[in-house]
Amino acid sequence: MTAHEGAPAPDTTGPTPPEQMRRVVLASLVGTALEWYDFFIYGTAAALVFNTLFFTDADPAVGTLVAFASFAVGFVFRPLGGFVFGHIGDRFGRRTTLVITTLIMGVSTGLIGLLPTYPVIGIWAPVLLTLLRVCQGLGAGAEFGGASTLLSEHAPPARRGYYGSYAQTGVQIGLVMGTVVFLLVGFLPDEALYSWGWRLPFLLSFLLIGVSLYLRLRVAESPVFLRAAANRTTVKVPILRALTRYPGSFLVGIGAHIADTAVVYIYATFSVSYLTATLDQPRWVALTGVIAFGVAVILLQPVYGALSDRIGRRPVNLFSVVFTALFAYPFFFLLNTGEPVVIWLALLVATTLGLAPMIAVQPAFYAELFGAGVRYTGFAASREIGAAIAGFSPVAASFLLEYSGGDPWLVALMMVGACAVSLVAFLFSRETREIDISAFETSQGSIVGTGRARSGGAG
């Protein structure tokens, strides 16, 4: 342990006042939305334009594969972001860390919009693009864990699932924002789109940095962290303690994030490429479908979060992952009809009944896996390792589609496999909604196994 510098914090034993709680929700919602807007627009650009702008030596199919590979690089570096910024968050505060990640994500995304393309500078174009994607990955690796931790530690215990779900609402708002912007620039003539139009979504990030910083600087630090700092019990090396004290939680955290990471990028990124390049659908059909499911998921996040406060995190997790696996083959069958309304229906059903409940529960579920002293690090690092494993789903799906001659059945099988991994993680986890997350340490191993978790015990 190490002493936390500064005067003892004020009393933090009482609940967060309603006005401050609303401010925390707004800052987490907007900040997360803007940061994940930055992360998601890269995936849409990879599906639509990067194959020809930055990888023009390749034929279209191979170019798309390479573009998705550069998209996946961000996932490789997300665990590193979780380790590094999780350490800062557990040592020096949740809010401070979120301010840093806002700057990293916003600046790196804006710079992508200024990059010269392959015809101008050759091989340096994809190299610089990939380096900026690495920076996006570092920022994204800390963003969700930090915003979710801050929300969960401010929230009333009986409504932790509800309030925590707003972090995921922000992620989906970011997805919709990015898709809407690309839908609008997609109406430009191809010459304008490929020359300057594609840059606009990235350059917009420079303007969004200020909004996010303004909101986050007005939010109070987590009362749980302030209590630990006042008691001089912050952990010197959080990742080491997280791995030794909570190995079961860490493994569950990795496995729990495999399914939703794999399928969300199948729905939001690979499907755009599949519909436009393989099924020859207009761009607006694919992008409208992504927007429709994103809006539906946004509306459902608080609903599923509140449901998890009533029936528990575990039942919601189990239902969503099983439904997603069962719907994988019907999903592609419906896409292959080529009918826009049926395509939109497929995306809506897949996400509102499968993806939405799975991700709504995550902020509270992950926050409850670890004690307060290592929560940010354990949350961010374990979740982002899962993201790194499953973040290659668009490039893997593109490869499997090519291998199968354009038939998506192998892609559906991959989705089922990802769901099976998360199902095992959820089956090995215990119910966590009654856990006291203000405790600095929690009982070793209590989230692994079966049965009902005791109040005050997790990990």
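**Helix packing and the surroundings of Arg313**

The side chain of Arg313 forms a polar contact with the side chain of Asp309, at a distance of 2.9 Å. This pair is taken from a predicted model, in which Arg313 lies in helix α15, spanning residues 313–335. Because its relative accessibility is 1%, below the 20% limit, Arg313 counts as buried. When neighbours within four places in sequence are left aside, the residues in contact with Arg313 are Arg160, Gly161, Ser308, Val361, Ala364, Phe365, Glu368, Glu431, Thr432 and Arg433.

The chain as a whole contains 20 helices and 0 strands. Of its 459 residues, 61% are buried. Among contacts with a separation of 6 or more, 82% involve residues 24 or more positions apart.

Helix α6 covers residues 124–154 and helix α7 residues 160–186; their axes come within 8 Å and cross at roughly 155°. Since this angle is over 145 degrees, α6 and α7 are roughly antiparallel to each other. Their crossing is right-handed.

A second pair is formed by helix α12 (residues 247–256) and helix α18 (residues 375–390), whose axes lie 7 Å apart and which pack at an angle of about 40°. With that angle, α12 and α18 are therefore oblique to each other. The crossing of α12 and α18 is right-handed. Helix α12 contributes Phe250, Gly253 and Ile254 to the contact, while helix α18 contributes Gly378, Ala381, Ser382, Arg383, Ile385, Gly386 and Ile389. The class composition of the contact between α12 and α18 is 5 nonpolar, 4 polar and 1 charged residues.

The crossing of α1 and α4 is left-handed. From α1, the residues Glu35, Asp38, Phe39, Ile41 and Tyr42 meet Leu98, Thr101, Thr102, Met105, Gly106, Thr109 and Ile112 of α4. By class, the contact of α1 with α4 is made up of 6 nonpolar, 4 polar and 2 charged residues.

Leu217 occurs in the loop between α9 (200–216) and α10 (223–230). Although Leu217 and Leu98 are separated by 119 residues in sequence, their C-alpha atoms are 9.4 Å apart in space. Not counting residues up to four places away in sequence, Leu217 touches Arg95 and Val99.

Key. Residues are numbered from 1 along each chain as its sequence is written. This is a predicted model: local features need pLDDT of at least 70, side-chain atom pairs count only at pLDDT 80 or more; totals for chains, interfaces and linings use all residues. Side-chain values use heavy atoms; hydrogens and water are left out. Helices (H or I, at least four residues) and strands (E, at least two) are DSSP runs, numbered from the N terminus. Buried means under 20% relative accessible area, exposed over 50%, partly exposed in between (1.4 Å probe, protein chains only). A polar contact is a pair of N or O atoms within 3.5 Å; within protein, one must be able to donate a hydrogen and the other to accept it, and residues adjacent in sequence count only if both atoms are side-chain atoms. Contact means heavy atoms within 4.5 Å. Axes are lines fitted to C-alpha atoms, for helices over the stretch in contact, and angles run from 0 to 180 degrees between N-to-C directions. Angles under 35 degrees count as roughly parallel, over 145 as roughly antiparallel, 65 to 115 as roughly perpendicular and the rest as oblique. A crossing is left-handed if the near helix is turned anticlockwise from the far one by less than a right angle, and right-handed if clockwise. Ala, Val, Leu, Ile, Met, Phe, Trp, Tyr, Cys and Pro count as nonpolar, Asp, Glu, Lys and Arg as charged, and the others, Gly among them, as polar.
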